[in-house]
Amino acid sequence: MAILLTGGAGFIGSHTAVCLMQAGYDVVLADNFSNSSPKVVGRIAEITGKTPVCVEADVCDKEAVRNIFRAHDISAVVHFAGLKAVGESVQKPLEYYRNNLDSALTVLEVMREFGCRQFVFSSSATVYGDQPAPLNESAPTGGCSNPYGWTKFMIEKILIDAARADETLSVVLLRYFNPIGAHESGRIGEDPQGIPNNLMPYITQVASGRREKLTVFGNDYPTPDGTGVRDYIHVCDLAEGHRCALEYAAAHTGCEVFNLGTGHGYSVLDMVHTFTRVNGVDVPYVIGPRRAGDLATVYAACDKAKEVLGWQAQRDLEAMCRDSWNWQKKNPMGYDA
Ligand code: WQD
């Protein structure tokens, strides 16, 4: 029996692969490497002592997905695969709706053909739209501010309806807040292509000298220091959350949703100052205008995951800053050294 990780060579997928392998699971990675590197397979092998099966495949290709199920006894799927750049989704909405919805539907249809009934979905806090924090799972969803968020919202709806129609299906929706950090080895980490959209990879590239300075997108928000507040979660804590979700899916049917966050909000300047203090490296920054679509404050209520999954984030902001920098120092150009 193996767990199929679609998009398994990506930032969260690779960390989840390490976590599951170290917990004794066999994993199969499926990835088209459109936003990841095949080199991550060797890095996972270095960390775990075992090379995961990795299939280069676009999971929108139904026959390719069938071939994975024909070759491996897949007991559950964790679906990471999808386009995920918020700004790009505004520029290319058709590509985002086609790719993200098509891949999810294709995987679900092939799962049904092969009698696989456990599905963990990589969703996002973006589905909450602009609502007061802390956000809990019973908060209404929708009101997304970009096509990327709408694809996550729509796939959640597909999964809720699929689980309602098929009582043997087990679906877990994981709403991530802001994943950052890296495995303590520094051998796997976040490797965005081009100019980073997200805060932490931009900070680490400034700290390494690859970029001149950070632009803080606005300091006039209604927050303690005026800069945006987010719930940052260590990617290894997030990976553990997926292991707990798989255990839950194996023991239950129906559709259940969980926030994966820490319940704490930190501002952009909190992050910059913590990063500098922990790592002893400067991060030059300037204050710029707000970024369109940004919210002031987003952080999770995450009691449900603790009570139902027995999961809680363990790593603090200092560990996130330390591990992000450790990865970037050891891999100044990411996987493409
Ligand atoms: C965090 C804070 C910015 C960059 C996005 C997606 C979300 C999820 C996580 C997938 C904000 C500020 C950022 C910079 C800055 N991804 N910032 N300068 O926007 O909260 O969430 O990534 O699920 O869906 O929306 O994350 O890291 O882009 O921004 O000042 O160069 O850092 O304004 O306050 P965000 P982020």
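1. Lys304 is placed over the face of Phe258, at 5.1 Å from the ring centre, and this, like everything below, is read from a predicted model.

2. A search of the whole structure finds six aromatic pairs. In one of these, the rings of Tyr248 and Phe258 have centres 5.7 Å apart and planes at 80°, so the pair is edge-to-face, the angle being over 60 degrees. This pair links distant parts of the chain, with Tyr248 in helix α8 (residues 235–251) and Phe258 in strand β11 (residues 254–260), ten residues apart. Tyr248 counts as buried because its relative accessibility of 14% is under 20%, and Phe258, at 0%, counts as buried as well.

3. Phe275 and Trp325 also form an edge-to-face aromatic pair, with 5.8 Å from centre to centre and 70° between the planes. Because Phe275 lies in helix α9 and Trp325 in helix α11 (residues 317–330), the pair ties together parts that are 50 residues apart in sequence. Both Phe275 and Trp325 are buried.

4. Leaving aside neighbours within four places in sequence, Met271 is in contact with Ile180, Leu199, Met200, Ile203, Tyr232, Leu317 and Cys321. As for Tyr299, which is 28 residues from Met271 along the chain, the C-alpha atoms of the two residues are separated by 15 Å.

5. The second largest pocket holds about 290 Å³ of space. Which helices each supply at least two residues of its lining? They are α5 (93–113) and α6 (147–165), and α5 gives the most, with five residues.

6. The lining of the second largest pocket consists of Leu105, Leu108, Glu109, Met111, Arg112, Gly115, Cys116, Arg117, Ile158, Ala162, Asp166 and Leu169. By residue class, this lining divides into seven nonpolar, one polar and four charged residues.

Technical notes
Residues numbered from 1 in each chain as written. Predicted model: local features only at pLDDT ≥ 70, side-chain atom pairs only at ≥ 80, totals over all residues. Heavy atoms only, no water. 1 Å grid on protein atoms, 1.4 Å probe; cavity = no way out; pocket = protein on both sides within 12 Å on 5 of 7 lines; lining within 4 Å. Points joined across faces, edges and corners; volume = space filled by probe spheres on them. Helix = DSSP H or I, 4+ residues; strand = E, 2+ residues; numbered from the N terminus. Nonpolar A, V, L, I, M, F, W, Y, C, P; charged D, E, K, R; others polar. Contact = heavy atoms within 4.5 Å. Phe/Tyr/Trp six-rings, centres within 6.5 Å; stacked < 30°, edge-to-face > 60°. Buried < 20%, exposed > 50% of the residue type's maximum accessible area, 1.4 Å probe, protein only. Lys NZ or Arg CZ within 6 Å of the ring centre and 35° of its normal.
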